[in-house]
Amino acid sequence: MRVIKAEHLGMCFGVRDAIALALRENAAAPLTILGDLVHNETVLADLRAQGVRLQSFDEDIATANVLITAHGASQRAVERLHRRGLNVLEATCPLVRFAHDAILQLAASGFHPVIIGQRDHVEVRGLTGDLDNFDVILDENDLAKLGEHPRLGVAAQTTQPQNKVEKLVAQIRERFPDSEVRFIDTVCRPTKQRQNAAVELARRCEVVIVIGGAQSNNTRELVATCRRYCLRVHHVKNAHDLRAEWFTDAQLAGLTAGTSTPDATVDEVEQWLKNFSAQVLTKNPPQLETIL
């Protein structure tokens, strides 16, 4: 069995920068991260092991310094932290910041904001936190409940698949032909790159392994994308989740990973697959006519 990796996979620059900032600041003074810095259990365990605290916005916080995660937060939430006397550090990804600015710009221009994303996701809570009136939709069922407005301003959670967002925007325009619909594309480039690379991978491979945290939205979206093109797709957190029976009779296996997956975890899974492939080859060496 041959193993190939997606052209784009794994941890994005926004997550790397957030982790580096958290470790640097915690080395200088005790730090509390507000929420999960990333949705990856391995990364969070490493941070805790290095003394970084992880708490929610509403808990009593023992450190003077707090860190907003790469998912961002509303200005109202940041101001509440300042009023509690806390020193607020921001690890908000600049591409998430662009989404914040886009939505506020739409609202300020008189458009009713519509965010395509998961209503309870921390990034979406941040995107909507400074708005008084808005809607969040994730699928056609949500779209059916959307009310009519003269002007609709649409943006998306940065980790939503581009094709899904574009389809919903087209459906909004179709459903409200008399409304002015303005769309600002806020799906981030790392998400687009990983989604496109996942499609190419899934089209070629008999089995696809997607690595990422159980709560990682972009990892789950990679799984859903791959399953449109490949019947044997498995989501794993690390190499311990892999099962030999998944690769029965497979000649080509593919590997991709979400934007919060550490390089070391990707390497471990890749090595497991290569070791497994070598064992299969040892037990079932190719016949001469196969080689020729």
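Biologist: What volume does the largest pocket have?

Modeller: Happy to start there, and keep in mind that this is a predicted model. The lining of the largest pocket is made up of 27 residues. The volume of this pocket is about 600 Å³.

Biologist: Which residues lining the largest pocket are the closest to its centre?

Modeller: The lining draws at least two residues from each of β3 (53–55), α3 (75–83) and α5 (122–128). By class, the lining residues are seven nonpolar, 13 polar and seven charged. The closest to the centre are Gly 35, Phe 57, His 121, Val 122 and Arg 125.

Biologist: Good to know! In which hand does α8 pass α9?

Modeller: Let's look at the geometry. Helix α8 (residues 189–204) and helix α9 (residues 217–227) have axes that come within 9 Å and cross at roughly 35°. The crossing of α8 past α9 is right-handed.

Biologist: And which residues of α9 does α8 meet?

Modeller: From α8, the residues taking part are Arg 194, Gln 195, Ala 198, Val 199 and Ala 202. The contact between the two helices holds five nonpolar, two polar and two charged residues.

Biologist: One last thing: is Thr 256 buried or exposed?

Modeller: Thr 256 sits in strand β12 (residues 252–257). Beyond its neighbours within four places in sequence, Thr 256 contacts Ala 6, His 8, Leu 9, Leu 201, Ile 209, Val 210, Ile 211 and Leu 222. Its relative accessible area is 0%, and the cut-off for burial is under 20%, so Thr 256 is buried.

Notes:
Residues numbered from 1 in each chain as written. Predicted model: local features only at pLDDT ≥ 70, side-chain atom pairs only at ≥ 80, totals over all residues. Heavy atoms only, no water. 1 Å grid on protein atoms, 1.4 Å probe; cavity = no way out; pocket = protein on both sides within 12 Å on 5 of 7 lines; lining within 4 Å. Points joined across faces, edges and corners; volume = space filled by probe spheres on them. Helix = DSSP H or I, 4+ residues; strand = E, 2+ residues; numbered from the N terminus. Nonpolar A, V, L, I, M, F, W, Y, C, P; charged D, E, K, R; others polar. Axes fitted to C-alpha atoms, helices over the stretch in contact; angles between N-to-C directions. Left-handed = near helix turned anticlockwise from the far one by under 90°. Contact = heavy atoms within 4.5 Å. Buried < 20%, exposed > 50% of the residue type's maximum accessible area, 1.4 Å probe, protein only.
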